[in-house]
Amino acid sequence: LVFTEEDKYGLYSNLLFKYFLAEGIVCGHDLFVASAKEHPDNILKELPAPLLDDTYGKELGDEAAAVKSEDFQDSMKIAWRYQNLPKVEASPTTHTKFGHYYDISKKMPPELCQSVKRHSFYLHEESSFEPKTKTWNMNSGYARLLQSIQRIISQEGFDGSDPQKKQRNVLRIGIQSLGSVLWGDDVCCSDTPEDTHSLTKFLYVLRGLLRKSLAACIITVPAHLIQNKAIMERVTNLSDMVVGLESFIGSERETNPLYKDYHGLVHVHQIPRLNSLICDVSDTKDLAFRLKRKLFTIERLHLPPDLSDTVSRASKQDLAGSAKLLSSGCGAMAIGKKHLDF
Amino acid sequence: QGKFTLLRDTRTDGSFLVHHFLSFYLRAGCKVCFVALLQSFSHYNIVAQKLGVSLAAAKERGQLVFLEGLKSCLDLLFGEEEQPGQPSPLQFLSGSTSDLRALFDFVRVSLTPADGDSWKSPVLLVDDLSVLLSLGAAPVAVLDFIHYCRVSVCCQLKGNVVVLVHSNEDSEDEENELVVNSLCHHSDLILWAEGLATGFCKDVHGQIKIIKRLSLRQAAEQDLVQIYQYKIQDRNVTFFARGLSAAVL
């Protein structure tokens, strides 16, 4: 369960969301898109086009096989990264076997889009809640979404319930802007929301559904609007992976010369620790993203060389302060208020 | 015997302690009731196999009673009407009751020795209690549940209880802090896994504070506090004194 905290204007998290769906199409997975904001069909029309080259066809075959066998073993979710987090290189230069690259200046061709089964859930078009589930004690929008997901999972056999189905596939679920007012939840509006438990209950049930089926899910949430921090803590505990995007638009960092190459920061709050005592932590915690004309990349945060005499002490301290926040680690390992840099 | 152990984590993931206790008690031949609220059975099974214990085999021979919270919740919400004789342990989710009585009954029934049982003292293991608050249980209900479990498992059945909770300094989750503080006061042993105050480090994953609450049993005694640092590996966790990690020596 990949939980993404949206950046303020939702631009970049939307991009990440679309990448997730596009990767699903390219890998031949089924898709389920849910939103209360935009009609899912519109979202699907806007997916970035994959970058194809000669080895693409073969790679797709390898990849699809690898993915299926991996998922088959665990029936768990795995978090997908599109631009590989570079461990050594600053930017991906070699063609890695994991994931595909996309060109965001072009849209995905509709034939490719049609090649997978797509399910959608647009809150405002859904029929009203069935009476059996009035004992759920949850926001009705969330409850309807859960029912819909569960129905698709069992009908299409993602939970292994249909032994006749020879080829197993993965279902990619994308839920946009959960927790926003459009879903009928006031957790983003007030400090003391009416129903503090709907969102967390929703996540728990979703987690249960994902664990018992071949499905992976990405959720974006306007976390900057949620004022009740207790809910954010609980939500982090209930998700496998939590990533926050902080864009520089409109903040003082936009004009900070030290950040001039980047459009925002990536905060990895938690990484999944599944089926093992350890988790896979990369060496670096300082990640930033930038949006070029064709590519959205996540890279290690590099400070530009300090060539100018006029770089003031204040901005250096400011950067040092924010660098401390960046490298404070992820929740699965350790987060600390730093006195020393490691 | 009859001890209540609290596992607590702050700024890090203390679930390795849960895996340890699970395999420890199973190897010791105790009957274990494991209330696993956060992860699926296969997750614990795979880790336990690395630690040398098979959960599936333990379940077969009746040594382990496993409540998979996620599955139970799905059965409650998506399943057919429940049979009258078998209420779901997570009944409080559907709002019909606000207390955790059904969960306690489940625990009590699974740990009461049946005829022909040759297991040593029973153990209740909970991972993790903070999830119950997220699901809508009131803090008082959670504390009541733990209290009943202590009376039943520790006092009447002479067994042990091990519970994992999350906590954070300057956490804004007051309900959680209330539960954690209250449990701390009543625990015989607290194992507190914390992330390092200085941030992330590759070789030292955190530090663990072991607090033996001697003051609980004897009036004049002081609590004994020991602090070690640890590093988690694939099959093992190594503990060492502060500052003496293998990377430094």
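This is a predicted model: local features need pLDDT of at least 70, side-chain atom pairs count only at pLDDT 80 or more; totals for chains, interfaces and linings use all residues.
Let me start at β9 of chain B, where the bridge partner of Gln229(B) is Phe240(B); strand β8 (residues 224-232) of chain B and β9(B) run antiparallel and are joined by four bridges. Strands here are DSSP runs of E, at least two residues long, numbered from the N terminus, and two strands pair if DSSP finds at least two bridges between them.

Residues are numbered from 1 along each chain as its sequence is written, chains are lettered from A and ligands numbered from 1 in the order in which they are written, and side-chain values use heavy atoms, leaving out hydrogens and water.

Turning to the whole sheet, nine strands of chain B form an open sheet with mixed pairing, in the order β3-β2-β4-β5-β1-β6-β7-β8-β9. Its edge strands are β3 (64-68) and β9 (237-240) of chain B, each of which pairs on one side only.

What, then, surrounds β5(B)? Strand β1 (residues 4-10) of chain B runs parallel to β5(B) and is joined to it by six bridges, with Thr5(B) opposite Val162(B). Strand β4 (residues 120-127) of chain B also pairs with β5(B) in the parallel sense, over four bridges, and there Val123(B) stands opposite Asn160(B).
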